[in-house]
Amino acid sequence: MAELSDALDRRARAILEANSRGGFTVPSPHQYPHQWNWDAAVNAIGIAHYDPQRARREVLALLSGQWREGMVPHIVYHGRASSYFPPYEFWQTERSTRAPNSQTSGITQPPLLASAVRWLHRRHPDADFLACVYPRLLAWHQWFHQQRDADGSGLVCLIHPWESGTDDSPRWLEVLARLEPQDLPPYERADTRHVSPAHRPTQAEYDRYVHLVNLFRRAGYEPRRLLEESPFLVQDVQFNAILYRAHEDLRALAEDLDRPTEEIEGWLEAMGASFGQRFWDEEAGLFHDYDLRAGRAIPVSTAAIFVPLLAGLASQEQAERLVGEHLHHPNRYGRGQGLRYWVTTCSAEEPVWEATRYWRGPVWPVLNWLICLGLARAGYDREAAEVRGDTLELIGESGFYEYFHPTSGQPLGADRFSWSAALWLELRHGELELPSVRA
Ligand code: 9WN
């Protein structure tokens, strides 16, 4: 076992090395040939296990795409031509005075970066690096509260499913169904060239993704117009929990640097006060996302319900219900009857659950890692260890794939996947606890 694992450690490193493009890492060689936001944060954590300097370069490369007002975009293209759709030109970011000189997309992604920087700094302290990145992280977090707090609650909203990182999650189905894609610019999907269409979002969803980008181009990425005009306007439980956790980590970094923390405290207070009120459904015993356009909760259960544990945003009672009534429930997320591996990305009870399609059912290492950390933080050590064990078993036995069948373990999506390699190293060699909130 130890030997096999050693070989797999070397394989993980080899994948991360092969996916390096100089200053940054692509998520996978063919399917995703640029740098993605939350992938970069996870990859930096994995790479730091053998090359902290390269991990720091990963962070800096992502920040090179930061927009003038602070947004860190979901893709930084790094001047590389590719067959990925959408290519850089498709975003027409030159319509915005806020866009940077570098080539990027015009939307953002889950803000794991401050947490990754805190991990890095704690394990391999580097005061110069921290002083260099801290103001940029702060600017991004400020941007969220200045430009994405649509209702003054302190919670931030998303304008595109790609921002959630869980693109075709059933959480977004009803909102997307209301959209009527019109005047679509011509486009050709590239994602189904390397991966089976049965494992990817549907064509109807892609038309809506493109429709939204087209609207944002026309609005010149003007933040006020985006909030007023985007028909997709949601408060995402998972995203807000990740941001809250990132604020906690940013505050710890500010303390290390002896910088003021009042502003960050203010965000934490506002988000903490609104989170449960807005998202918790007492009857269902879980957190629901919120559709701001329709003015109602989105009554769909996906693995996003467990992510608030990562940020300590669930009370003890709420945590107990999440774990007891959902994670262990035989028809929902529980292992045993139908599901063999924790954690399917969508409750098996949802009519749209699909074992092999993207964010509709397969197990994703990144989500398992966040859930595992959350369970550990909430004191569910046994469950945390089992989620960790399942993730390592899936990657170790099926390969470094993007996602996995929750029953058979069949590898799905793109192969030689960077964050699966990074998380292999982290889950094997990193401690399961997050650095404590006030270290
Ligand atoms: C769109 C890179 C990214 C991940 C996302 C995942 C997928 C892109 C796509 O790949 O999204 O951003 O083309 O499908 O959904 O979480 O960051 O790995």
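Reader: Is His 78 buried, partly exposed or exposed?

Author: His 78 counts as partly exposed, because its relative accessibility is 26%, and partly exposed covers the range between buried, under 20% relative accessible area, and exposed, over 50% (1.4 Å probe, protein chains only). This is a predicted model, in which local features need pLDDT of at least 70 and side-chain atom pairs count only at pLDDT 80 or more, while totals for chains, interfaces and linings use all residues. Residues are numbered from 1 along each chain as its sequence is written, and side-chain values use heavy atoms, with hydrogens and water left out.

Reader: Where is His 78 found, and what is its phi?

Author: The loop between strand 2 and helix 4 holds His 78. Its phi is near 55°, a positive value in a residue other than glycine. Helices (H or I, at least four residues) and strands (E, at least two) are DSSP runs, numbered from the N terminus.

Reader: Which cis peptide bond involves Pro 86?

Author: The bond joining Phe 85 and Pro 86 is cis, with omega about 0°. Pro 86 is in the loop between strand 2 (75–76) and helix 4 (88–91).

Reader: And which residue is joined to Val 343 by a cis peptide bond?

Author: That residue is Trp 342, and omega is about 0° there. Val 343 lies in the loop between helix 13 and helix 14. Tyr 358 has its place in the loop between helix 13 and helix 14 too, and it has a positive phi of about 40° although it is not a glycine.

Reader: Is Tyr 358 buried or exposed?

Author: Tyr 358 is buried, with a relative accessible area of 3%.

Reader: What percentage of the residues is buried?

Author: Buried residues make up 62% of the 439 residues in the protein chain.

Reader: Which residues touch the most other members of the largest nonpolar core?

Author: In that core of 146 residues, they are Val 59, Phe 306, Leu 322, Val 343, Trp 369 and Leu 375. Helix 11 (residues 237–257) gives the largest share of this core, 11 residues. A nonpolar core is a set of buried Ala, Val, Leu, Ile, Met, Phe, Trp, Tyr and Cys residues joined through side-chain atoms within 4.5 Å.

Reader: What is Trp 369 in contact with?

Author: Leaving aside neighbours within four places in sequence, Trp 369 is in contact (heavy atoms within 4.5 Å) with Val 42, Ile 45, Leu 112, Trp 119, Leu 423, Glu 426 and Leu 427. Val 42 and Ile 45 are among the buried residues of helix 2.

Reader: How many residues of helix 2 are buried?

Author: In helix 2 (residues 37–47), 11 of its 11 residues are buried.

Reader: Which residues are buried in helix 13?

Author: Helix 13 (residues 316–327) has Gln 318, Ala 319, Arg 321, Leu 322, Val 323, His 326 and Leu 327 buried. Their cover includes strand 4 (280–281), strand 5 (286–287), helix 14 (365–377) and helix 15 (381–398).
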